[in-house]
Amino acid sequence: MPILILVLLVVLIANVGFWDTLQAIFGAIGVLILLAAVVAGLAASVGYWLYAKARSKF
């Protein structure tokens with residue numbers, strides 16, 4: 001599997017250049033980080049909502 005990733009990187013660099021490939025990799029990592037932040041925020045919001053709902057019952 002790692003050899004496949006290496007071959008894919010070599011093909012990307014050959015096609016679009018090193019800096020464009022690096023920019024695409026950093027962009028993909030950034031999207032994953034932002035997605036994780038949105039999911040964490042959503043989970044925190046739902047957790048707080050459930051906590052407030054349960055607290056108001058008692």
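K57 has its place in helix 2, where helices are DSSP runs of H or I with at least four residues, numbered from the N terminus. At 66% relative accessibility, K57 counts as exposed (over 50% is exposed, under 20% buried and in between partly exposed, with a 1.4 Å probe and protein chains only). From the C-alpha atom of K57 to that of V38, 19 residues away along the chain, the separation is 29 Å.

A word on the model itself: it is predicted, so local features need pLDDT of at least 70 and side-chain atom pairs pLDDT 80 or more, while totals for chains, interfaces and linings use all residues. Residues are numbered from 1 along each chain as its sequence is written, and side-chain values use heavy atoms, leaving out hydrogens and water.

Let's turn to T21, which also lies in helix 2 (residues 18–57). T21 counts as buried because its relative accessibility is 4%. Leaving aside residues up to four places away in sequence, T21 touches L9, L12, I13 and V16 (contact means heavy atoms within 4.5 Å). The T21 side chain also reaches the backbone oxygen of L12 at 3.3 Å.

Just after helix 1, G17 adopts a positive phi of about 100 degrees.

Finally, the aromatics: the structure holds one aromatic pair. The ring centres of F18 and W19 are 4.9 Å apart and their planes meet at 75 degrees, so the pair is edge-to-face (Phe, Tyr and Trp rings, the six-membered one for Trp, pair with centres within 6.5 Å; planes under 30 degrees apart are stacked, over 60 edge-to-face, the rest tilted). F18 is partly exposed at 41%, whereas W19 is exposed at 64%.

Notes:
Helices (H or I, at least four residues) and strands (E, at least two) are DSSP runs, numbered from the N terminus. A polar contact is a pair of N or O atoms within 3.5 Å; within protein, one must be able to donate a hydrogen and the other to accept it, and residues adjacent in sequence count only if both atoms are side-chain atoms.
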